[in-house]
Amino acid sequence: MLDALDRRILGQLIANSDLTSAELGEKVGLSASAAHRRVGSLRERGLIAGFRAVLSREARGSPTVVMVNVTLKDQRQETMAAFEREILDVPEIRDCFLMSGEADYMLHVEVTRDDSFERIHRETLSRLPGVTRLASHFVIREVIRRP
């Protein structure tokens, strides 16, 4: 269970995961060692999955971002498992979400300048197991992105 202090700690870490234990402690009213212990406890309990650098679009090579709705031939466990296994080996797929509604999955695909979405669509996405329909939506501009 999360208490109010855990929520404050998580809020601070969402805003800036680079905080030192001393800085975090100061912001939430704990000593550096107490803040460090609380963060360790949150990690052990699985509430913090890890820390990572969030690279800017420019640092990632200014990729074109395409959101792709994927419809499978059926929703049998074997079909979905085969699809999910295969996408793990596609580096252009940044995120995958199982969806409700018309499409079964939504993919966040990033295409670098030296590649083309047409190639990825033709040679990779359309050949994934169980795929019967792909609907691609090119992102024009990122308006808001929260951690």
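Helices (H or I, at least four residues) and strands (E, at least two) are DSSP runs, numbered from the N terminus. The views below show a predicted model, in which local features need pLDDT of at least 70, side-chain atom pairs count only at pLDDT 80 or more, and totals for chains, interfaces and linings use all residues. Residues are numbered from 1 along each chain as its sequence is written, and side-chain values use heavy atoms, with hydrogens and water left out.

**View 1. Arg-60 sits in the loop between α3 and β1.** Let us start with this loop residue. Arg-60 counts as buried because its relative accessibility is 17%; buried means under 20% relative accessible area, exposed over 50%, and partly exposed in between (1.4 Å probe, protein chains only). Leaving aside residues up to four places away in sequence, Arg-60 touches Leu-55, Arg-94, Glu-110 and Arg-145. Contact here means heavy atoms within 4.5 Å.

**View 2. Helix α3 spans residues 32-44.** Its 13 residues reach 18 Å from the first C-alpha to the last, close to the 18 Å expected at 1.5 Å a residue (the expected span is 1.5 Å times one less than the number of residues). The buried residues of α3 are Ala-34, Ala-35, Val-39 and Leu-42. They cover an arc of only 135 degrees around the axis, which puts them on the same side of α3; the arc is that of the directions from the helix axis to the C-beta atoms. On the other side of α3 you will find His-36, Arg-37 and Glu-44 exposed. The buried residues of α3 pack against α1 (4-15) and α2 (21-28). After α3 comes Gly-46, with a positive phi near 80 degrees.

**View 3. Helix α4 (residues 77-87) has Thr-79, Met-80, Ala-82, Phe-83 and Ile-87 as its buried residues.** These residues lie on the same side of α4, because they cover an arc of only 160 degrees around the axis. Gln-77 and Arg-85, on the other side of α4, are exposed. What do the buried residues of α4 pack against? Their partners are the strands β1 (64-72), β2 (93-98), β3 (105-111) and β4 (131-138).

**View 4. An open sheet of 4 strands runs in the order β2-β3-β1-β4, with antiparallel pairing.** The edge strands are β2 and β4, each pairing on one side only; two strands pair if DSSP finds at least two bridges between them. β1 and β4 pair in the antiparallel sense over 7 bridges. Look for Val-66, whose bridge partner in β4 is Phe-138.

**View 5. The structure holds 2 aromatic pairs.** Rings of Phe, Tyr and Trp (its six-membered ring) pair if their centres lie within 6.5 Å; planes under 30 degrees apart count as stacked, over 60 as edge-to-face and the rest as tilted. The rings of Phe-83 and Tyr-105 have centres 4.6 Å apart and planes at 35 degrees, so this pair is tilted. This pair links distant parts of the chain, with Phe-83 in helix α4 and Tyr-105 in strand β3, 22 residues apart. Phe-83 counts as buried at 0% relative accessibility, and Tyr-105 counts as buried at 1%. For Phe-117 and Phe-138, the ring centres are 5.4 Å apart and the planes at 80 degrees, so the pair is edge-to-face. Phe-117 lies in helix α5 (residues 117-123) and Phe-138 in strand β4, so the pair ties together parts that are 21 residues apart in sequence. Phe-117 is buried at 12% relative accessibility, whereas Phe-138 is partly exposed, with a relative accessible area of 47%.
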